[in-house]
Amino acid sequence: MSARNRELLGLIPASLLVTAGFAAVFIQQGSLSNVSLTYGAIFLGLCVAAHVFLRIALPYADPYLFPLVAVLACFGLVMVYRVDVTLARQQAQWFVVALGLFVATVVFVRDYRKLEQYRYLIAAGSLALLVLPRLPGIGAQVNGAYLGVRIPGVFVFQPTEFAKIGIVVFLASYLRDTRQVLVAGARRVAGITLPPLKHFGPLLVIWGVAMLLLVVIRDLGSSLMFFGAFLALLYVATSRLSFVVVGLLLFAGGAWYLGTHVPHVVDRVDVWLDPLDASRYRSTGYQIANSLFAQADGGLLGRGFGQAFLVTPNGGALLPAPQTDLIYAVIVNELGLAGAVAVLVTYLLFVQRGFKIALLARDSFSTLLAVGLTAVFALQVFVIVGGVTNVIPLTGVTLPFVSYGGSSILANFVLLALLLLVSDRARRPS
Amino acid sequence: MRLFGVIVLLFALLVAWTSRWTVFDAKALRDNALNARPLIAQLHVRRGAILAGDGTVLARSVRGPRGTYGRSYPTGSLFGHPVGYSDVSLGQLSGIERYRNDVLSGQGGSELGSLADQLQGKRQQGDTVITTLDPAAQRIAEQQLAGTGAGAVVALDPRTGAVRVMASTPGYDPNTIGKPGVFRALNSAGSGAPLLDRATQSSYAPGSTFKVVTAAAAIDAGRYTPDSVVNGDSPKTISGVPMHNDLNTSWGDISLSTAMTNSVNTVFGQIGEALGKRTMADYMRRFGFYRRPPLDYPADEMLASGERLNGRLLPVQSPQVDVGRMAIGQDKLAVTPMQMAMVVAAIANGGRLMAPHLTDRVVDPDGRTVMRVAPSVWSTPISARTAAEVNQMMRNVVESGTGTAVQLPGIQVAGKTGTAEIGTLGANLTQPSFVAFAPADNPRIAIAVTVERSQGGFGGTVAAPIARAVLEALLR
């Protein structure tokens with residue numbers, strides 16, 4: 001069976017899932033109408049359209065990535081629909097725009113290796129995007145972190161979502177160039193292999209940028225995501241574990257220092273260490289405490305679609321940001337541990353396909369690009385799910401393809417397009 | 001590829017932590033006081049109704065905003081005490097609402113049953129509790145008590161233990177208890193303690209109504225008969241201190257029965273001394289003293305009756321107990337109206353004390369009776385013969401003694417008055433009470449009435465008319 005036929009087959013469960021999901025939510029609301037079927041049909045139509053496009057444009061690309069994304073996206077649509085019908089409609093519209101951007105990426109960045117020529121431009125642009133939310137007048141502070149840029153009348157644009165792709169492209173390109181010197185010039189100091197000082201500088205700069213991110217956008221999660229992706233790339237590029245260890249130690253040291261000295265970060269760490277502290281419950285601890293309560297309420301099998309309590313009797317938010325940051329808590333509440341594990345496994349399958357693409361790639365830039373994109377994707381899932389489950393301090397990033405949010409969907413479809421481009425080139429018979 | 005291994009490890013961490021919250025720590029999280037979900041969940045449950053014996057709705061759930069339910073009490077303050085209240089904003093329950101909370105909120109069924117309901121898409125719905133209460137008689141009891149300020153009436157069916165009336169004034173309206181400030185106002189000093197259920201939670205000096213217990217003990221122990229002659233002069237030295245009869249009347253040598261008819265203190269004081277603390281303690285326990293009434297009602301809304309010192313129960317055998325004065329219902333006796341109703345119910349029922357109960361049956365939303373409270377003998381404090389003899393003595397009280405005010409045309413009533421002195425000597429403050437059952441030859445109702453305070457009133461003049469009105473409502 002050809003790759004594209006397998007992909008088409010893979011789309012069937014996705015469309016069944018979205019129809020069944022909407023039907024379940026509608027039954028809960030007491031009015032099963034043909035709207036659920038309409039949603040399912042439109043979604044299936046979009047998927048088939050995208051599939052036909054892939055058939056023509058990227059016939060050799062990995063057949064499993066797109067169905068996996070379709071499953072996640074339709075699952076996310078059902079969850080957002082359950083939280084707020086209006087948001088779900090907007091989310092569906094964002095999907096249409098995102099598919100357009102997806103097609104545009106495949107068409108215009110067809111030879112993605114040309115991106116290497118613009119790497120410093122991309123790096124500068126990405127950094128600018130990251131700093132944008134701190135600029136007065138347009139920055140939007142969410143939960144104390146600077147992650148959004150308010151575009152009046154349209155939406156709050158989240159530049160980190162796009163910056164993550166730009167930075168991965170830059171790092172992949174930069175490391176492809178310098179990997180040889182990093183390895184060849186390495187010296188052993190006190191039993192640890194260190195890269196040559198000349199090239200150690202740029203690495204320190206990247207570490208510094210990650211730390212700066214922590215201070216500037218006040219967000220441990222984003223900075224962990226970027227730095228983690230960098231370490232993954234560094235490891236793949238040089239095959240030196242010691243570089244990674246040194247990097248981790250540097251990051252841990254920096255995070256510890258900031259976590260004990262920068263007031264906002266200190267608050268976050270305090271809440272993380274004792275999420276159920278009664279004195280903080282009404283203020284900084286409310287979000288994480290209710291996230292944990294919601295998960296406990298879900299138990300092993302969950303309460304079922306539409307059964308979680310999201311608002312208090314007087315209309316206040318019982319679970320804040322249920323459609324974005326805390327959507328994982330809603331999933332656990334309604335589908336239980338079982339449903340949550342299913343979602344995590346879906347992400348793992350996506351990550352596995354991503355690394356598979358990296359293995360098959362024929363040139364080192366392609367390999368590094370696929371590794372970087374996959375790693376940053378996986379780390380984003382880890383950062384938000386880890387935050388919601390209190391493995392790490394909670395930060396406001398989205399759950400890719402599932403959370404509500406235009407920037408997130410657009411950026412992740414671009415990420416998908418790049419991975420498919422790499423895959424198509426790698427698997428194309430020469 | 002090692003990198004994928006690291007990612008798998010990180011995700012395993014996520015699964016582990018999710019399991020921690022959903023499974024391992026779930027119970028602690030659900031019980032956490034900060035967690036508002038259990039309370040909100042209760043709001044979404046349609047609680048079962050609470051009905052009177054004749055089907056009158058005493059409490060029901062009404063639809064509120066956003067799929068929630070509120071509680072409505074159509075009879076207002078009338079059944080405020082026995083039915084109690086269920087208020088989510090207060091996070092509190094009382095009375096039957098509290099005692100039967102499991103079935104009312106639909107948590108009575110098995111775990112498997114509720115899972116089956118969930119699969120069938122049924123909303124959690126509570127069972128209906130049908131009580132033994134009689135609204136017409138309850139209303140008359142409340143009206144009668146209201147004229148006296150504060151007090152309580154308990155009426156039981158002596159044959160089954162069914163509680164027909166459980167009234168306490170002052171009362172409160174359970175419909176308004178959740179409104180801002182109301183609960184605090186009801187609990188404030190000077191409010192007259194309207195939340196206190198005086199039928200089960202307040203204890204009073206029973207006065208001469210307790211002579212029924214003394215007489216039953218004296219006869220059942222085989223030491224006296226109704227015809228035993230005792231000298232009823234006044235004063236008599238009891239426990240080293242002179243005891244007086246009412247108006248200091250000296251009755252000469254009289255029978256026990258005559259002493260009961262005229263409530264002669266010195267006779268019962270001597271009998272108490274003669275029986276001794278052990279025998280008195282034994283019979284009191286048999287009638288239910290020294291433990292909480294075996295009523296289907298929240299334990300901490302009931303009080304055990306007996307001798308009390310500084311609010312704590314004092315054993316009858318204690319040297320601090322004056323058994324002669326205890327025998328006439330004075331000393332440090334503190335008895336709930338419910339306990340006195342149980343005493344007369346046992347005498348009325350041939351010596352067998354039926355366990356009192358407020359719930360008749362529980363019916364599920366499909367109309368099936370899931371639980372029925374069967375009448376059960378709680379104890380047999382005295383023999384049938386003793387019961388018959390005390391019954392006759394109590395008839396005499398109503399026919400020709402201190403209790404004539406309770407007489408009902410066509411129905412023979414047996415009763416006993418009580419007038420305890422309270423407050424400082426000479427203040428002339430009394431605590432009138434009355435116990436009775438009727439019809440005397442085949443009792444269907446046993447009743448205890450206590451009025452908290454009266455300016456010089458007697459059991460026979462203040463409490464007996466209340467008993468009469470309630471008996472009339474229940475027997476006609």
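Tutor: Happy to! Let's start with V241(B), which is exposed because 10 other C-beta atoms lie within 10 Å; a residue counts as exposed with 12 or fewer such neighbours, buried with 20 or more, and partly exposed in between, with C-beta atoms placed from the backbone. This is a predicted model, where local features need pLDDT of at least 70, side-chain atom pairs count only at pLDDT 80 or more, and totals for chains, interfaces and linings use all residues. Residues are numbered from 1 along each chain as its sequence is written, while chains are lettered from A and ligands numbered from 1 in the order in which they are written.

V241(B) belongs to strand β11, residues 241–243 of chain B. Strands (E, at least two residues) and helices (H or I, at least four) are DSSP runs, numbered from the N terminus.

Stepping back, chain B has 16 helices and 23 strands, and 51% of its 476 residues are buried. For contacts (C-beta atoms, placed from the backbone, within 7 Å), 69% of those in chain B between residues at least 6 apart in sequence join residues at least 24 apart.

Chain B also meets a partner: 28 of its residues are in contact with 38 residues of chain A. On that side of chain B, α1 (2–24), α2 (26–31) and α3 (37–43) each give two or more residues, and α1(B) supplies the largest share, 15 residues.

Note on methods. Contact = placed C-beta atoms within 7 Å.
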